[in-house]
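Me: Please take a close look at a single part of this model. I would like the salt bridges and their surroundings.

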Amino acid sequence: MRLYENETVELKEIYTPDLKKEIVAFANTNGGTIYIGVQDSGVVIGLDNADFVMQQISNSLRDSIR
C-alpha cells in the first residue's frame, strides 16, 4: 500500500517534536491523518516501538497544553 501526502494526509518517517505543529494545523482546519513510519515517497517502513512513539506524542501534547 502506498500513501500520498495531500491537504489531509501527512507522512513522517520518524517522530520529531515538530509534529505538534502538524497536529495543531489539522486541529485548526478540517482535520487530517498523520502517518508515522512512512517515507515521503509513500513507502511504509514501520516503527521499532510504536507504543513508545505514541507515548512521546501524548507527553509532548500534554506538556505543550499546560
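Reply: What follows is a walk through the salt bridges and their residues. This is a predicted model, where local features need pLDDT of at least 70, side-chain atom pairs count only at pLDDT 80 or more, and totals for chains, interfaces and linings use all residues. Residues are numbered from 1 along each chain as its sequence is written, and side-chain values use heavy atoms, with hydrogens and water left out.

A salt bridge here is a side-chain nitrogen of Lys or Arg within 4 Å of a carboxyl oxygen of Asp or Glu. The count is 3 salt bridges.

Start with Glu10. Glu10 sits in strand β1 (residues 9-12); strands are DSSP runs of E, at least two residues, and helices are runs of H or I, at least four, numbered from the N terminus. Glu10 is buried, at 15% relative accessibility. Buried means under 20% relative accessible area, exposed over 50%, and partly exposed in between (1.4 Å probe, protein chains only). Leaving out residues up to four places away in sequence, Glu10 touches Glu5, Glu22, Phe26, Thr33, Ile34 and Tyr35; contact means heavy atoms within 4.5 Å.

Glu10 and Lys12 form a salt bridge through their side chains (3.5 Å, N to O). Lys12 is partly exposed, at 22%. A salt bridge also joins Lys12 and Glu22 (3.9 Å, N to O). That pair links distant parts of the chain, with Glu22 in helix α1 and Lys12 in strand β1, 10 residues apart. Glu22 is partly exposed, at 25%.

Another salt bridge pairs Asp63 with Arg62 (3.3 Å, N to O). Both are partly exposed: Asp63 at 44%, Arg62 at 40%. Shared partners join Glu10, Lys12 and Glu22 into one network of salt bridges.
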